[in-house]
Amino acid sequence: MIPAFLLDICWTKFDRMRSIFVKWAYYEVSMKVICVDDDNQILNHTVEMLRAMPCVSEAIGFEKGTELLKWLEDHTTDLALLDINMPDMNGIVLAKKLRELFPDIYIVFHTGYAKYAIEAFSVHADGFLVKPVDAETLENEIKLIRADFSEERIAHISIRTFGDFDVFIDGNRMSFSRSKSKELLAYLVDRQGRGVSRSNIYANLWEGEGEYDRSKQKQLDVIIRSLRSTLQEYGIGEILEINRGAIRVRTELIDCDMYKYLAKEGEFSEEEVGRYLSSYAWANLGDR
């Protein structure tokens with residue numbers, strides 16, 4: 001007999017999927033997923049299944065929770081798929097640490113023991129899968145999480161570029177501890193999701209201020225850390241991605257007036273468009 005609390009979870013998931021199917025199809029948001037499992041064979045197979053899913057933009061596997069926590073010092077993720085019974089760090093403990101670092105992260109437990117279900121949901125897990133899991137079952141779970149992810153993120157983060165640059169979270173304006181970190185985010189938004197090197201950022205944001213030497217590198221690193229800290233403080237650290245030295249914003253997670261203008265969505269006056277990022281000398285909407 002299926003426990004009542006598991007039936008409640010199933011019905012809740014069904015209602016969530018039914019109510020947000022339209023948004024899911026429209027926004028086509030993909031997710032970054034990490035998987036932690038001390039069984040190398042299961043880990044590799046799970047990562048292979050994830051990478052084959054159109055709704056997953058990135059899938060990375062770790063055999064130890066400590067390895068994941070180290071990796072997260074320079075990266076972000078949207079969903080964590082965790083084994084529970086691991087010698088290095090128990091999956092429940094790892095989930096609690098992830099919640100502290102990223103309050104909005106989605107967590108799905110992937111374990112061979114159904115007996116852990118009650119303990120797993122004590123950390124507010126978003127899903128629970130009992131091994132072995134086939135590709136279809138795993139993809140259905142990821143799609144369900146992705147649907148909820150798109151509904152929560154889109155329009156949750158709104159960026160204004162016509163006029164003074166501002167970022168709004170649920171309608172509330174963000175504050176930045178450093179004006180240069182705010183300008184850095186504006187520059188990344190202007191790049192429309194393309195990865196930008198540190199030297200390129202320096203050349204544009206500090207134009208005419210000398211060569212990009214070691215002291216300037218340290219200066220820029222301070223600004224990048226400040227931006228990451230501010231975004232994480234507001235619970236939107238996932239919009240910033242740093243990969244192999246290149247920095248970008250994940251445009252699929254933000255609602256931006258400039259992106260709407262370029263997609264010919266909505267109506268914008270010539271005066272509005274003419275004031276594109278008016279505070280920054282490097283900004284030029286041009287003939288895009």
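Tutor: Asp255 counts as partly exposed because its relative accessible area is 22%; buried means under 20%, exposed over 50%, and partly exposed in between, with a 1.4 Å probe and protein chains only. The model is a predicted one, in which local features need pLDDT of at least 70 and side-chain atom pairs count only at pLDDT 80 or more, while totals for chains, interfaces and linings use all residues. Residues are numbered from 1 along each chain as its sequence is written, and side-chain values use heavy atoms, with hydrogens and water left out.

The partner of Asp255 is Lys260, and the closest N and O atoms of this salt bridge are 3.2 Å apart. The term requires a side-chain nitrogen of Lys or Arg within 4 Å of a carboxyl oxygen of Asp or Glu. Lys260 is also partly exposed, at 32% relative accessibility. Arg173 is partly exposed at 48% relative accessibility, whereas Asp166 is buried at 6%.

By the rule given above, the count is 16 salt bridges. One of them joins Asp126 to Arg99, with 3.4 Å from N to O. These two residues lie 27 residues apart: Arg99 belongs to helix 4 (residues 91–101), and Asp126 to the loop between helix 5 (117–121) and strand 5 (127–130). Helices (H or I, at least four residues) and strands (E, at least two) are DSSP runs numbered from the N terminus. Asp126 and Arg99 are both buried.

Let us now turn to the nonpolar surroundings. In soluble globular proteins, nonpolar side chains tend to be buried together. A nonpolar core is a set of buried Ala, Val, Leu, Ile, Met, Phe, Trp, Tyr and Cys residues joined through side-chain atoms within 4.5 Å. The largest core here has 42 residues, and Phe165, Val167 and Leu185 have the most contacts inside it. Among the elements that give two or more residues to this core are strand 6 (157–160), strand 7 (166–169) and helix 10 (257–262). Helix 7 contributes the most, with six residues. Leaving aside neighbours within four places in sequence, Phe165 touches several residues, including Arg160, Lys182, Leu185 and Tyr280; contact means heavy atoms within 4.5 Å. Apart from this core lies another, of 25 residues, with Leu69, Ala80, Leu82 and Met86 among them.

Helix 2 (residues 40–51) has 12 residues and should span 16 Å, which agrees with the 16 Å between its end C-alpha atoms; the expected span is 1.5 Å times one less than the number of residues. Its buried residues are Leu43, Thr46, Val47, Met49 and Leu50. They fall within an arc of 160 degrees seen down the axis, so they line one face of helix 2; the arc is that of the directions from the helix axis to the C-beta atoms. The exposed residues Gln41, Glu48 and Arg51 sit on the face turned away from that buried side.

For the chain as a whole, 48% of the 288 residues are buried, and the secondary structure comes to 11 helices and 11 strands.
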